[in-house]
Amino acid sequence: MTWVALFFKVYPMKIIKSIDLMKKITLQAKRAGRVIGFVPTMGCLHPGHLSLVKYARKRCDLLVVSIFVNPIQFGPKEDFRKYPRDMKRDKKLLSSLDVDVLFVPKAAELLPAGFVSYVEVPGLSKKLCGRSRPGHFRGVTTIVAKLINIVAPDIAFFGKKDFQQLVIIKKMVADLNMGIGIVGLPTVREPDGLAMSSRNIYLDSDERASATVLYRSLRLARKLVREGARDSRRVIKAKRQLITSQRPKVQIDYIEVCDPETLEEKTKIKGKTLIALAAYVGDARLIDNMFIRV
Ligand code: AMP
């Protein structure tokens, strides 16, 4: 029995903070021919995250989940400090799902003083959320690339709720020959349709009720398209009208109809189409999207 195998026999879910130790564990697993699956998160886990973990669990031998609230993906006026954190609860949840390793790197080790190298996917990163969150995707790709280098997974799992992030990560992995599989999984929603998000915690009860308008607007768009609407402007206008009925609680950041691979705006709805939106509900900036095939 290798020391890693022994390690896991004694401690079912290992919590690893050190980058070096994390590398050693996955290197040994690789040598033993084990398939490594990886789910990166920022913690404060909800059923959306857990759906990725459950799906990944069935598809790999060694399952690594990371929790790292990534400071470089938040803008100076964004919610890094108050972003919800609940490590105790997260540990319990992950352990109950049979996760092998919880990787919790320290910011000081992952982003030490003097750190200057970034990974950027220009173009895609400037669209949709990139317009109102300059630098956000550069922060995401840099940290995801570093985590992939450390964990060295065979497959990494991401949610389609953050559709733009998924498209950008796929591009980064292809462009940089990272040689791993990226799997995108469906958005998990509350019973009333609101996409689950760690930021939903910010909503008071009125805001929470108003926030359902985001998913309702996506369903409206799908209904209009099913009824024959092909003009993006018409569909966006109808969505806008529905969402503004919830003003001032809900303020639209953007609503866009675009190509799901290039994220280029589409004036006509045909073929594979993504309808994406972002809105402020109270202090929370929420995003959602729907994939439509005509
Ligand atoms: P986060 O902790 O917000 O960085 O999210 C970690 C991963 O969970 C990302 O791949 C997200 O896309 C995914 N995720 C977040 N919310 C959901 C959801 N409601 N349904 C499915 N996946 C989600």
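**Around the ligand**

Begin with the ligand's shell, meaning residues with a heavy atom within 4 Å of it: by class it holds eight nonpolar, seven polar and two charged residues. Here Ala, Val, Leu, Ile, Met, Phe, Trp, Tyr, Cys and Pro count as nonpolar, Asp, Glu, Lys and Arg as charged, and the others, Gly among them, as polar. This is a predicted model, where local features need pLDDT of at least 70, side-chain atom pairs count only at pLDDT 80 or more, and totals for chains, interfaces and linings use all residues. Residues are numbered from 1 along each chain as its sequence is written, and side-chain values use heavy atoms, leaving out hydrogens and water.

Next, select Asp-162: one of its polar side-chain atoms is 2.6 Å from a ligand oxygen. At Gly-159, a polar backbone atom sits 2.9 Å from an oxygen of the ligand. Move to Met-196, where a polar backbone atom lies 2.8 Å from a ligand nitrogen.

Now colour helix 3 (47-57), which gives the largest share of the shell, three residues. Helices are DSSP runs (H or I, at least four residues), strands likewise (E, at least two), numbered from the N terminus.

**The largest cavity**

Which residues line the largest cavity? Select Lys-161, Leu-194, Ala-195, Ser-197, Asn-200, Leu-214, Leu-286, Ile-287 and Asp-288. On a 1 Å grid over the protein atoms alone, a cavity is a set of points where a 1.4 Å probe fits but cannot get out, and lining residues have an atom within 4 Å of a point. Finish on strand 9 (residues 284-293), which gives the most to this lining, with three residues.

Terms used. Polar contact = N/O pair within 3.5 Å; in protein donor to acceptor, adjacent residues only side chain to side chain. 1 Å grid on protein atoms, 1.4 Å probe; cavity = no way out; pocket = protein on both sides within 12 Å on 5 of 7 lines; lining within 4 Å.
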